[in-house]
Amino acid sequence: MTQHTDLPSDLLPTTVRRFFAAHIVRDADTASSFLAEEAVIVDQDETFRGRAKTYAFLRNAGSEFEYTTEQIGAHRVDDTHWVVTVRLEGTFPGGVAELDYRFALRDDLIAELVIANHPA
C-alpha cells in the first residue's frame with residue numbers, strides 16, 4: 001500500500017520542483033537546465049552521464065507510452081538529498097508504477113537523480 005507523506009510540493013527545493021514540473025510535461029530543455037554539467041541520471045539500473053546523455057534521456061524517457069504522473073509523496077533525507085514518489089498510470093506494461101525520484105543537489109543544481117521502483 002502506498003504511504004503518502006505530509007511534505008507538500010512547495011516545501012521541496014525550488015530546483016527539484018521546477019525540474020519535476022518540466023519533466024512531467026516532457027519539457028527536456030527546461031528539465032535539463034536544472035542539471036549540473038556533470039550530472040548523472042540512473043533509471044532502472046541504466047546510467048546516463050553528462051549533459052548530452054542526460055538530455056537525451058530526459059527527451060526520450062517514456063516517449064513510446066501515454067501516461068499520467070501524480071506526486072504521492074515527498075521527503076527530505078538531509079540538506080542535499082530529497083525523494084519524490086510518483087504514481088504513473090498509462091499504456092506501458094503493467095499499466096501502473098510507483099517510482100522514487102531520489103535527488104542529490106549541489107550548488108542548487110541536480111548532481112544526481114536515481115529513479116527506482118518505490119518499495120512496496
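Predicted model: local features only at pLDDT ≥ 70, side-chain atom pairs only at ≥ 80, totals over all residues.
The largest nonpolar core comprises 29 residues, of which Phe19, Leu58, Val84, Tyr101, Phe103, Ile110 and Leu113 touch the most other members. At least two residues of this core are supplied by each of helices H1 (14-24), H2 (28-32) and H3 (50-60), and likewise by each of strands S1 (35-43), S4 (81-90), S5 (96-106) and S6 (109-117), with the largest share, five residues, coming from S5. When residues up to four places away in sequence are not counted, Leu113 touches Phe19, Val40, Ile41, Val42, Tyr101, Arg102 and Phe103.

Six salt bridges are found in a search of the whole structure. In one of them, Glu37 pairs with Arg51, and the closest N and O atoms are 3.4 Å apart; this pair links strand S1, which holds Glu37, to helix H3, which holds Arg51, across 14 residues of sequence. Glu37 is exposed at 52% relative accessibility, whereas Arg51 is partly exposed at 32%.

A salt bridge also joins the side chains of Arg106 and Glu38, with an N to O distance of 2.2 Å. Because Arg106 lies in strand S5 and Glu38 in strand S1, this pair ties together parts that are 68 residues apart in sequence. Arg106 is partly exposed, with a relative accessible area of 40%, and Glu38 is likewise partly exposed, at 47%.

Between strands S4 and S5, which contribute Arg87 and Glu98 respectively, the side chains of these two residues meet in a salt bridge at 3.2 Å, N to O. Arg87 is partly exposed at 27% relative accessible area, while Glu98, at 19%, is buried because its value falls under 20%.

Definitions and conventions:
Residues numbered from 1 in each chain as written. Heavy atoms only, no water. Core = buried A, V, L, I, M, F, W, Y, C linked by side-chain atoms within 4.5 Å. Buried < 20%, exposed > 50% of the residue type's maximum accessible area, 1.4 Å probe, protein only. Helix = DSSP H or I, 4+ residues; strand = E, 2+ residues; numbered from the N terminus. Contact = heavy atoms within 4.5 Å. Salt bridge = Lys/Arg side-chain N within 4 Å of Asp/Glu carboxyl O.
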